[in-house]
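Please examine the sequence and the structure shown below. The report that follows treats charged contacts, a surface patch and a helix in turn.

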Amino acid sequence: PAEELQEEIASRDSRMEASGRDPHKDACGRTYTHRSTSNVSNTIHGVYLTFDATDLPGLDDVPALDLFGTKEIKREWISLQDLKVLDSEGQKLSTEDTKPRFISGFIVRQLAKDGVIKY
C-alpha cells in the first residue's frame, strides 16, 4: 500500500488533467496548497484575545455548543495536565505534543509561559 499511495500521489496531476480537471485549482478556483491530498486547504489566521472570566456572573448559564454551534452539549472541563499544556504534576510547562488532544495547546502553553494563565 505505501507504493500504491506514492504512485497515486505521483500520478495525480496527469490523472486530473486527463479527466479535464485543473491539477492546480478546484472548481471554485481555490489553489491546492498540499500536493499530498486532492483537497484544497484553507489557511486560517487568527488572533487570540484573552480575558479573565473567573467569577464572571452568568458564565455558567452560557451553553456549550457542538462543533457547528447548533446543538447544546454537556460542558466538559479538562485539566491543563490532561491537555498536555502542563506536565503531569501541573508544576511546569509540558514538552509533549498537544495536538492529538488539543489543537490550540501550544497557544495556551505560550499564554501560561507569558504569565497570562497562572498555574
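## Salt bridges and surface features

Glutamate 8 forms a salt bridge with arginine 15, the closest N and O atoms lying 2.8 Å apart; a salt bridge is defined here as a side-chain nitrogen of Lys or Arg within 4 Å of a carboxyl oxygen of Asp or Glu. This is a predicted model, in which local features need pLDDT of at least 70 and side-chain atom pairs count only at pLDDT 80 or more, whereas totals for chains, interfaces and linings use all residues. Residues are numbered from 1 along each chain as its sequence is written, and side-chain values use heavy atoms, with hydrogens and water left out.

The structure holds two salt bridges. Glutamate 8 also forms a salt bridge with arginine 12, where the closest N and O atoms are 2.4 Å apart.

Arginine 12 is located in helix α2, residues 12-18. Helices (H or I, at least four residues) and strands (E, at least two) are DSSP runs, numbered from the N terminus. The accessibility classes are buried, under 20% relative accessible area, exposed, over 50%, and partly exposed in between, with a 1.4 Å probe and protein chains only.

| Residue | Relative accessible area | Class |
|---|---|---|
| Glutamate 8 | 27% | partly exposed |
| Arginine 12 | 10% | buried |
| Arginine 15 | 40% | partly exposed |
| Leucine 59 | 36% | partly exposed |

Leucine 59 is placed in the loop between α2 and β1 (64-65). Together with Leu56 and Val62, Leu59 forms a nonpolar surface patch with about 240 Å² of accessible area. Patches are made of residues with over 30% relative accessible area and no salt bridge; like charges are joined within 9 Å, and nonpolar side chains (Val, Leu, Ile, Met, Phe, Trp, Tyr) within 5 Å. Accessible areas come from the Shrake-Rupley method with a 1.4 Å probe; for residues, only the protein chains shown count as cover.

In helix α3 (residues 105-113), the buried residues are Gly105, Ile107, Val108, Arg109, Leu111 and Ala112. Just after α3, glycine 115 adopts a positive phi of about 85°.
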